[in-house]
Amino acid sequence: MGLLTSDDAGATWNPVSLQGEIDFHALAVSGADVIGDGGGQALMVSDDDEKSCNGAKVQAVTLADSGERILATTQSGLQVSTDGGKAFTTVSDAPVLALLSAGTHATMLGLGPQGVMCSSTDCGESWTRVGEAPDAQAAAAARDGGGFALSQSMLFSIG
């Protein structure tokens, strides 16, 4: 599919780049930057000029970009990049997370595989368990360590 954009709240979609080349499995946005995982290939990092370049090869389940750090959930644990996605290292002592969301003011929200919600207020350096969201399939970080998680039948408020 490549990267698509919509100017009408999703009613129609227009191609931006990489059509027929990459099927993105995870995307993250920070300002004008877009980071995407093309399914086992190197990360694609696009700046505000829409020029794409290869980043590190990370098999990300989800990505979150705080503007300072890019976090990726992977089969081998939480990974972090401080150089715009060129290289990643393991975040020591991080909880097992399946989903990530970057909020404002260095806030990150993570959802563990058993519905455990964890929050970070320092761009993912340290994590605190903040609640549970059983069967949640999406998470959105907000300010000060809070946020929301969504299952098919319930909206969870965190913090």
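Modeller: Let us begin with the word "strand": a strand is a DSSP run of type E with at least two residues, and strands are numbered from the N terminus. Gly77 lies in strand 9. Please keep in mind that this is a predicted model.

Colleague: How many helices and strands does the protein chain have?

Modeller: The protein chain has 17 strands and zero helices.

Colleague: Why is Gly77 called partly exposed?

Modeller: The relative accessible area of Gly77 is 27%. Buried requires under 20% and exposed requires over 50%, with partly exposed in between. Gly77, at 27%, is therefore partly exposed.

Colleague: What makes strand 9 largely enclosed by the rest of the structure?

Modeller: Strand 9 covers residues 77-81, and four of its five residues are buried, so the strand is largely enclosed.

Colleague: How do you know that strand 8 and strand 9 are paired?

Modeller: Two strands pair if DSSP finds at least two bridges between them. Strand 8 (residues 70-74) and strand 9 have five bridges, so they pair, and the sense is antiparallel. One of these bridges sets Ala72 against Gln79 in strand 9. A hairpin of two residues connects strand 8 to strand 9.

Colleague: What makes strand 9 and strand 10 a pair?

Modeller: Strand 9 and strand 10 (residues 89-90) are joined by two bridges and run antiparallel. The requirement is at least two bridges, so these strands pair. Here Val80 stands opposite Thr89 in strand 10.

Colleague: Which strands form the open sheet, and in what order?

Modeller: The order is 15-16-17, with antiparallel pairing. Strand 15 (138-141) and strand 17 (155-158) are at the edges: each has a single partner strand, so one side of each lacks a neighbour in the sheet. From one strand to the next, the twist averages 15°.

Colleague: How do you know that strand 16 pairs with strand 17?

Modeller: Four bridges join strand 16 (residues 147-150) to strand 17. As at least two are needed, the strands count as paired, and they run antiparallel. Phe148, for example, has Ser157 in strand 17 as its bridge partner.

Colleague: Why are Cys118 and Cys123 called buried?

Modeller: The relative accessible area is 7% for Cys118 and 4% for Cys123. Buried means under 20%, so both residues receive that label. As for disulfides, the structure holds zero.

Colleague: Where is Ser126 found, and why is it called partly exposed?

Modeller: Ser126 is in the loop between strand 13 (116-120) and strand 14 (128-132). Its relative accessibility is 39%. That value falls between 20% and 50%, so Ser126 counts as partly exposed.

Colleague: What makes the pair Ser126 and Asp122 a polar contact?

Modeller: The side chains of Ser126 and Asp122 are joined at 2.7 Å. The limit for a pair of N or O atoms is 3.5 Å, so this distance lies within it. Leaving aside residues up to four places away in sequence, Ser126 touches Ser119 and Ser120.

Definitions and conventions: Residues are numbered from 1 along each chain as its sequence is written. This is a predicted model: local features need pLDDT of at least 70, side-chain atom pairs count only at pLDDT 80 or more; totals for chains, interfaces and linings use all residues. Side-chain values use heavy atoms; hydrogens and water are left out. Axes are lines fitted to C-alpha atoms, for helices over the stretch in contact, and angles run from 0 to 180 degrees between N-to-C directions. Buried means under 20% relative accessible area, exposed over 50%, partly exposed in between (1.4 Å probe, protein chains only). Contact means heavy atoms within 4.5 Å. A polar contact is a pair of N or O atoms within 3.5 Å; within protein, one must be able to donate a hydrogen and the other to accept it, and residues adjacent in sequence count only if both atoms are side-chain atoms. A disulfide is a pair of cysteine sulfur atoms within 2.5 Å.
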